[in-house]
Amino acid sequence: MRAILTVIGKDKVGIIASVSGVLAKLNINIMDINQTILQEYFTMIMLVDCSNMSSSFEQIKTELKKVSEDIGMDIRIQREEIFDSMHKI
Amino acid sequence: MINQGEILSTIKMIESENLDVRTITMGLSLRDCVDTDAKKSCEKIISKITSYAKNLVKTGEDIEAEYGIPIVNKRISVTPISLIAESSDIKNYVCFAKALDKAAKEVGVDFLGGFSALVEKGFSRGDKILLDSIPEALAETDVVCSSVNVAGTKEGINMDAVKLMGQIIKKTASLTKNHGGIGCAKLVVFSNAVPDNPFMAGAFHGIGEGECVINVGVSGPGVVRSAIKGLKGLPFDQISETIKKTAFKITRVGQLVAKEASERLNASFGIVDLSLAPTPAVGDSVARILEEMGLSTCGTHGTTAALALLNDAVKKGGVMASSHVGGLSGAFIPVSEDEGMIAAVKKGSLSLDKLEAMTCVCSVGLDMIAVPGHTPAETISAIIADEAAIGMINSKTTAVRIIPVPGKDVGDTVEFGGLLGTAPIMPYNKESSVDFINRGGKIPAPIQALKN
């Protein structure tokens, strides 16, 4: 299963480190990263592979929620298919 | 990888424009729950629902978590109970409603539809008993919804049933008077009812449907409004194109959820219903879409044309996005459940007559309309007859969900809470329809019925 992880918020030091640390812990592979800064707002989009992950999707969300609270940014993870189905024919 | 703009646009639709899947509804056949002993039949019903739907709510929540799309309601529709109960010899079907209520609560769904009868051409013994049981059934249960089909293009209008429904609605309001007549919010009177409707209160599992089917209703008035917001002053062609594209995206989400839910629940994929369903939340209103097209307030001249364009464009955009489209598929205009409609009624811009005109071009009918508690039963029947006629002649579904709120009059409002919202009490035409309704009999099927 592949998923899209988005991180949006005010730019600061250590965002990628915090997020990728959790992903490594859960055995989730990062396949692609795309990041931009728009008017001080940091927007990072990651394509991740969850097929060998060590916990359930629900647990991943809980772990990411903790990171989100720690660094004060919005973090979402959603299965890739929702974006595919909305934007591709 | 998908481009960044597309990903962020999906997130924006969900986070700030109220995009959601309104309902995953499991349609379940209860035909094998028939028994001459009503008690045994009720036991079979409870056992079947709780076994087939035991994972429905959990599955909905799992899909919601994985895809990040809110799934607001998980519901069940069942075979019209008049068909199941009439093999028993009892004279009151309230026990069946209670069994449905118990099963629904056990599996945790928010509504269960199907305490229903199809009487467009006449009453069977069980239909009569079911209709007589509706007021008590709705007063004594919490999540059971009832619907009665009184007319159809191929059948005409059963005016005896129309007369009866006026009385049943009044009685239901009276038995639930301590809660603003809320029983009536769970009762729909149809013309051309559809067998695969996922939306409440009118959902039932049609007799031609399979054993267990997943039907999904999408939503997204906020997304449509936001999409046309930037088109100020531009011609209608562009409005229509934009709505089509937006409806396509919304429906694709519904298709994805329906496919995933049916696989996980080991049920057949039924349909995706393309209705734009509003909620009382600000920014989730159909009325505000119409106003975005250039009407100062919903209900003014031009509203019917705006709604016709919206309804048609939603269907055109949605139909290619799903492998099976069905249900009601049109824009909903429930007054109490739409923040913009409520405001328009309060302002005096939106009347019962204008709403009736609007139902000629959208799917649903007079939905969640509150009228004074003293409205005569015959007037309610006549309102039903008018809607049934619109449905019959135009070969479309129409419905009436009207609440004569006990003790309230024009100028008051009634609060139902949750998705059912708040309804300002609307005036009705005081001239009598009594002699018209008392004629009874049937209005014959129209010439449109003769297609062969």
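Domain bounds here come from an automatic or database domain assignment. On that basis, the centres of domain 1 of chain B and domain 2 of chain B, taken over C-alpha atoms, are separated by 23 Å. The model is predicted.

**Domains of chain B**

- In the assignment for chain B, domain 1 comprises 23–58 + 69–191, and domain 2 comprises 217–444.
- Contact between the two involves 37 residues of domain 1 of chain B and 43 residues of domain 2 of chain B.
- On the side of domain 1 of chain B that touches domain 2 of chain B, at least two residues each are supplied by β1 (21–28), β4 (144–152), β5 (156–158), α7 (159–175) and β6 (187–191) of chain B.
- Helix α7(B) provides the largest share of that side of domain 1 of chain B, with eleven residues.
- By class, the residues on this side of domain 1 of chain B are 20 nonpolar, 13 polar and four charged.

**Contact between chains A and B**

- Across the chains, 19 residues of chain A are in contact with 17 residues of chain B.
- On the side of chain B that touches chain A, two or more residues come from each of α1 (4–16), α3 (56–67) and α9 (236–264) of chain B.
- That side of chain B consists of nine nonpolar, four polar and four charged residues.

**Helices α5 and α6 of chain B**

- Helix α5 (residues 94–107) of chain B packs with helix α6 (residues 125–140) of chain B at an angle of about 30°, and their axes are 9 Å apart.
- Angles under 35 degrees count as roughly parallel, and α5(B) and α6(B) are therefore roughly parallel to each other.
- The two helices, α5(B) and α6(B), have a right-handed crossing.
- From α5(B), Val94(B), Ala97(B) and Lys98(B) make the contact, while α6(B) contributes Ser133(B), Glu136(B), Ala137(B) and Glu140(B).
- The contact of α5(B) with α6(B) has three nonpolar, one polar and three charged residues.

**Helices α6 and α7 of chain B**

- Helix α6(B) also packs with α7(B), at an angle of about 20° and with the axes 9 Å apart.
- This angle makes α6(B) roughly parallel to α7(B).
- The crossing of α6(B) with α7(B) is right-handed.
- On the α6(B) side, Leu131(B), Ile134(B), Pro135(B), Glu136(B), Leu138(B) and Ala139(B) take part, and they meet Leu164(B), Ile168(B), Lys171(B), Thr172(B) and Leu175(B) of α7(B).
- The residues in the contact of α6(B) with α7(B) fall into eight nonpolar, one polar and two charged.
- Glu136(B) of α6(B) is listed in the contact with α5(B) and in the contact with α7(B).

**Backbone details**

- Most residues other than glycine have a negative phi, and most peptide bonds are trans.
- Met200(B) and Ala201(B) are joined by a cis peptide bond, with omega about 15°.
- Ala201(B) lies in the loop between β6 and β7 (212–218) of chain B.
- Asn27(A), which is not a glycine, has a positive phi of about 60°, and its place is the loop between α1 (15–25) and β2 (29–38) of chain A.
- Asn27(A) counts as partly exposed because it has 13 C-beta neighbours inside 10 Å.
- Met368(B) is likewise not a glycine and has a positive phi, of about 55°, and this residue lies in strand β10 (residues 365–372) of chain B.
- Met368(B) has 25 C-beta neighbours inside 10 Å and therefore counts as buried.

Conventions. Residues numbered from 1 in each chain as written. Chains lettered and ligands numbered in written order. Predicted model: local features only at pLDDT ≥ 70, side-chain atom pairs only at ≥ 80, totals over all residues. Contact = placed C-beta atoms within 7 Å. Helix = DSSP H or I, 4+ residues; strand = E, 2+ residues; numbered from the N terminus. Nonpolar A, V, L, I, M, F, W, Y, C, P; charged D, E, K, R; others polar. Axes fitted to C-alpha atoms, helices over the stretch in contact; angles between N-to-C directions. Parallel < 35°, antiparallel > 145°, perpendicular 65-115°, else oblique. Left-handed = near helix turned anticlockwise from the far one by under 90°. Buried ≥ 20, exposed ≤ 12 C-beta atoms within 10 Å, placed from the backbone.
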